[in-house]
Amino acid sequence: MAPPITNHPKLAKEEDDNIWSSVLCDVHTSSSSKFPNGKSLIVLGNNETGKTTLIARLEANEVSRKGAGLEYHVIDVQDEYGDDTARLGVWLLDGNPQHTNLFRYMLTKENLGDTLVLLTASMAQPWAIMDTLDTWCSLLQHHINGMGLDNSRLRECRQKLTKTFQEYVEPDDREADIMTASLRQRTTLSPLADDDTLPLGDGVLTLNLGVPVLIVVTKSDAMLELERESDYRDEHFDYIQQQVRNFALSLGAGIVYVSVKENKNCELLYKYLLHRIYDVPFDLTANVVERDGIFIPCGWDNEKKIAILTENFTTLQADGNYCEVIPKPLVRRVSAGGAAVAVLERQSFAVAVDVSKAVSGPGSETVLANFFNSLLTKKQGPAGATEPGASVESDQLTPQERRSAVLASTPKKSSNQ
């Protein structure tokens, strides 16, 4: 029998090669697992909120090309060292609600756990912010309810979102919290068990959709123009902020105010998206002081913090109706002859009709004309009547109301003339 071969140089080299191959394989596997594939971002909001421009900035594209219906983009993401990369799929839905049937392509049973939703609203139209968020949240909820998810899967997604909110720790406190987090991990038998979650605060996750949501208020640079042209004050912006924060709290959502025009918070938004989607470390703290650069991470906010905003209100009601506190401005349109013709909003029109019924007799035409002219020129709240040349919209009144308003504001000619 031939003696066994030991310490053969060729065999030793093959063994070393296998060891290094194993190490490289482990490194590659670890690197790939940091940025897993299949992650998605869904962007919702009305038209003209700047969705396409925002995604172009996140893609590092200088030019944004607006599509129609449903757009698909890809954002190449990488860690701070450029070692790990992935491709984040971005679904961008047209702002027309008639396209909501396309939800079925964006959000499915299979990708529900790998998707984050951006709800966008524009500060350039502050009167529409809450209506925009409400509308698209309702449409998203309707789609999720109709997906046919079994109860256990939906419960798992909701509990995961609850856990994310509850486990938020300020970046400055994370080192001090290591021991607490380690103890929690050792004593937790099942991370998604009902008994392992602490009670949520008031108003938190009262509408748990089971999918993480981030609210992005675009065009925050419009605040300066609102101050100049529409008499907005800090109190109005604080009112808007507290309304948005209460809404976000009900969804367990974060909030970012951005301005692509001024490159405000765009980089922050990119980094926070990587943190929420790929669990990349994130060390930026909340910012509620800089009014056009608001940033509130998921899990940071609560009702007590929000209440601080309204403590010094002097002219506005913190619990006032949003449409009354931040009303839509009057709209002026240009007639065929070039003269500016103002259009009354429905509320003002109703008041005008009541006045016209009460006024009769000689000189009533002059009285009515003066009344209507005062309505057309009087500013209503912070977003009062716009000057001639302002943007034109067509959905303010019915054709009959518009005709009646214009006719009533024009003095009739005497029959003797």
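Author: Strands (E, at least two residues) and helices (H or I, at least four) are DSSP runs numbered from the N terminus, and two strands pair if DSSP finds at least two bridges between them. This is a predicted model, in which local features need pLDDT of at least 70 and side-chain atom pairs count only at pLDDT 80 or more, while totals for chains, interfaces and linings use all residues. Residues are numbered from 1 along each chain as its sequence is written, and side-chain values use heavy atoms, with hydrogens and water left out.

Reader: Which order do the strands of the open sheet have, and which are the edge strands?

Author: The order of the 7 strands is β2-β3-β1-β4-β5-β6-β7, with mixed pairing. The edge strands are β2 (70–78) and β7 (295–296), as each pairs on one side only.

Reader: What makes β4 and β5 a pair?

Author: Strand β4 (residues 115–122) and strand β5 (residues 213–218) are joined by 6 bridges in the parallel sense, and the definition asks for at least two. Within this pair, Leu119 is opposite Ile215 of β5.

Reader: How is β1 joined to β3 and to β4?

Author: β1 pairs with β3 over 4 bridges in the parallel sense, and 5 bridges join β1 to β4, also parallel. Val43 has Leu92 as its bridge partner in β3 and stands opposite Leu118 in β4.

Reader: Why is Ser220 called buried?

Author: Ser220 has a relative accessible area of 1%, so it is buried; the term means under 20%, against over 50% for exposed and partly exposed in between (1.4 Å probe, protein chains only). Ser220 is located in the loop between β5 and α7 (222–230). Beyond its neighbours within four places in sequence, its contacts (heavy atoms within 4.5 Å) are Met123, Tyr257, Val258, Ser259, Lys264 and Asp292.

Reader: How many residues of β1 are buried, and which way do they point?

Author: In β1, 5 of its 5 residues are buried. Ser40, Ile42 and Leu44 point one way, and Leu41 and Val43 the other way. In a regular strand the side chains alternate between the two faces of the sheet.

Reader: What places the charge of Lys305 over the ring of Trp300?

Author: Lys305 lies over the face of Trp300 at 3.8 Å from the ring centre.

Definitions and conventions:
Lys NZ or Arg CZ within 6 Å of the ring centre and 35° of its normal.
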